[in-house]
Amino acid sequence: MSETNPLRGLTTISFWAQDVSAAADWYSQLLGVEPYYVMPDPPAPPRYMEFRIGDYQHELGIIDASFAPPRSSDDPGGAIAYWHVDDPQQAYEDLLARGATPFEEPTPRGEGYVTAAVVDPFGNVLGVMSNPHYLEVLERRSE
């Protein structure tokens with residue numbers, strides 16, 4: 001554990017879906033990769049699937065909605081995790097074209113930061129943003 005900060009990095013974002021297979025198909029098409037982990041093994045219907053994506057191989061889990069915490073809501077909302085993208089406007093438009101619905105239109109936040117969010121076809125809020133800090137950290141890692 002880090003001496004200075006117990007929150008060392010994002011490991012898994014969990015999304016809920018009534019139809020895990022349909023959600024996995026939608027995200028596979030969006031991300032261009034198949035889930036690397038599926039539980040239980042086929043031929044049983046999937047209850048959990050996980051993707052590793054992006055520069056840091058963060059995990060995106062799709063979980064059967066029957067496992068959602070008791071106080072969760074079917075309405076989109078709560079905390080939004082933003083994934084870095086190179087062009088938030090283009091990413092937002094692409095997500096809408098894939099069947100997502102608007103949650104927050106691309107919004108400049110100053111100094112190169114732009115956020116946007118959609119609701120995926122399964123009721124989860126998916127945030128995208130341009131984040132200069134993310135790019136600085138990525139560049140330092142490659143030095």
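Reply: Strand 1, residues 12-17, has a covered face made of Ile-13, Phe-15 and Ala-17, and an uncovered face made of Thr-12, Ser-14 and Trp-16. Strands here are DSSP runs of E with at least two residues, helices are runs of H or I with at least four, and both are numbered from the N terminus. This is a predicted model, in which local features need pLDDT of at least 70 and side-chain atom pairs count only at pLDDT 80 or more, while totals for chains, interfaces and linings use all residues. Residues are numbered from 1 along each chain as its sequence is written, and side-chain values use heavy atoms, with hydrogens and water left out.

Strand 1 pairs with strand 4, residues 58-64, in the parallel sense over six bridges, where pairing requires that DSSP finds at least two bridges between two strands. Within this pair, Ser-14, from the uncovered face of strand 1, stands opposite Gly-61 in strand 4.

Turning to the whole, the protein chain holds three helices and eight strands, which follow one another along the sequence as β-α-β-β-β-β-α-β-β-β-α. Its C-alpha trace spans about 45 × 40 × 30 Å along the principal axes. Of its 143 residues, 33% count as buried, meaning under 20% relative accessible area with a 1.4 Å probe and protein chains only. Among the contacts with a separation of 6 or more, 50% come from residues 24 or more positions apart, a contact being heavy atoms within 4.5 Å.

Note on methods: Buried < 20%, exposed > 50% of the residue type's maximum accessible area, 1.4 Å probe, protein only.
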